[in-house]
Amino acid sequence: MILDLLFPNRCIHCNRIIEPDFLVCNLCFNQIHFTHYDYFESNPIKEKCNLLFPVENTYALIRFEEESLSRKIIHELKYRSREITGKILAEWTTERLDFKNQRPDLMVSVPLHPRKLRERGYNQLHLFTETLSKFYSIPCDHQLIKRNHYSKAQALKDKQHRLETVNPFSITQPITGKHILLIDDVFTTGNTISSIAWEIINAGDNKVSILVIAVDV
């Protein structure tokens with residue numbers, strides 16, 4: 001309680017004091033550009049993915065735009081060491097995403113390389129995925145996909161490097177006949193997701209759907 005008084009939680013956009021488990025104030029919340037995508041219908045992510053690999057369904061929560069609140073939210077998730085951000089974003093997702101009677105069999109988040117995990121101290125997608133897993137009663141597996149090579153974050157690479165197609169991922173255990181929901185923070189070129197998707201598809205008779213927090217296409 002003393003810490004809350006000395007260091008109150010503040011809106012990441014306007015700096016107003018807000019509840020401890022909030023990310024933004026009510027006024028700034030209205031400035032977030034939610035996508036309102038339909039998970040089962042065509043959208044920009046599905047159109048892009050269909051050019052790269054066979055995809056079932058796709059969804060993004062918000063639009064990742066330069067100099068926007070959405071960008072601040074993603075940076076809060078990835079670089080501010082506030083894991084609670086993942087839980088908040090997952091709750092926003094559950095309010096908008098309905099799998100109906102076509103729930104995936106398993107949720108898998110894009111992994112960090114062990115070196116990057118040590119540097120950052122946490123995987124920004126784990127709490128997000130675990131919160132969704134509990135809400136939808138869909139198991140999640142943080143160990144299924146292994147990142148083999150250490151690399152810069154996609155946001156820090158130039159465009160040419162982002163377009164490289166070297167696959168840095170591998171499957172750690174046999175899996176077949178499953179519908180996998182692959183989860184990432186930001187969808188840009190689709191190359192990272194495509195690399196993992198092909199590993200999953202080629203591992204057996206598996207299907208892949210995509211869920212990202214933000215889309216930048």
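Contact here means heavy atoms within 4.5 Å. This is a predicted model, in which local features need pLDDT of at least 70, side-chain atom pairs count only at pLDDT 80 or more, and totals for chains, interfaces and linings use all residues. Residues are numbered from 1 along each chain as its sequence is written, and side-chain values use heavy atoms, with hydrogens and water left out.

**Figure 1. Overview of the protein.** The secondary structure comprises 9 helices and 6 strands; helices (H or I, at least four residues) and strands (E, at least two) are DSSP runs, numbered from the N terminus. Of the 217 residues, 49% count as buried. Buried means under 20% relative accessible area, exposed means over 50%, and partly exposed lies in between (1.4 Å probe, protein chains only). The protein exposes about 11,600 Å², of which carbon and sulfur atoms supply 50%. Accessible areas come from the Shrake-Rupley method with a 1.4 Å probe, and for residues only the protein chains shown count as cover. Among contacts with a separation of 6 or more, 73% are between residues 24 or more positions apart.

Figure 2. Phe128 belongs to helix H7, which covers residues 126-136. With a relative accessible area of 0%, Phe128 is buried. Apart from neighbours within four places in sequence, Phe128 is in contact with Gly86, Leu89, Ala90, Thr93, Ile183, Leu211 and Ile213. The C-alpha atom of Phe128 is separated by 9.7 Å from that of Leu77, a residue 51 positions away along the chain.

**Figure 3. Helix H7 and the residue that follows it.** Phe128 is one of the buried residues of H7, together with Thr129, Thr131, Leu132, Ser133 and Tyr136. These buried residues pack against H5, strand S2 (106-109), S5 and S6. Just after H7, Ser137 takes a positive phi of about 55°. Ser137 is not a glycine, and its place is the loop between H7 and strand S3 (145-147). Ser137 is exposed, with a relative accessible area of 55%. Most residues other than glycine have a negative phi, and most peptide bonds are trans.

**Figure 4. Crossing of helices H4 and H5.** The axes of H4 (residues 69-79) and H5 (residues 84-94) come within 9 Å and cross at roughly 135°. This angle makes H4 oblique to H5. Axes are lines fitted to C-alpha atoms, for helices over the stretch in contact, and angles run from 0 to 180 degrees between N-to-C directions. Angles under 35 degrees count as roughly parallel, over 145 as roughly antiparallel, 65 to 115 as roughly perpendicular and the rest as oblique. On the H4 side, Ile73, Glu76 and Leu77 meet Thr85, Gly86, Leu89 and Trp92 of H5. The residues of this contact comprise 4 nonpolar, 2 polar and 1 charged. Ala, Val, Leu, Ile, Met, Phe, Trp, Tyr, Cys and Pro count as nonpolar, Asp, Glu, Lys and Arg as charged, and the others, Gly among them, as polar.

**Figure 5. Cover of helix H4, with Arg71.** The buried residues in H4 include Leu69, Ser70, Ile73, Ile74, Glu76, Leu77 and Lys78. Their cover includes helix H2 (26-29), strand S1 (58-63), H5, helix H6 (114-120), strand S5 (179-187) and strand S6 (207-215). Arg71 also lies in H4, but is partly exposed, with a relative accessible area of 24%. Not counting residues up to four places away in sequence, Arg71 touches Phe64, Glu65 and Glu66. The C-alpha atoms of Arg71 and Val186 are separated by 9.9 Å, although these residues are 115 positions apart along the chain. Just after H4, Ser81 takes a positive phi of about 60°.

**Figure 6. Strand S6 and its two partners.** Strand S6 is mostly covered, with 8 of its 9 residues buried. S1 and S6 run parallel and are joined by 5 bridges; two strands pair if DSSP finds at least two bridges between them. Ile62 has Ala214 in S6 as its bridge partner. S5 and S6 also run parallel, joined by 8 bridges. Here Leu182 stands opposite Ile210 in S6.

**Figure 7. His36 in a loop.** His36 is located in the loop between H2 and helix H3 (44-50). Although His36 is not a glycine, it has a positive phi of about 60°. His36 is exposed, with a relative accessible area of 67%.
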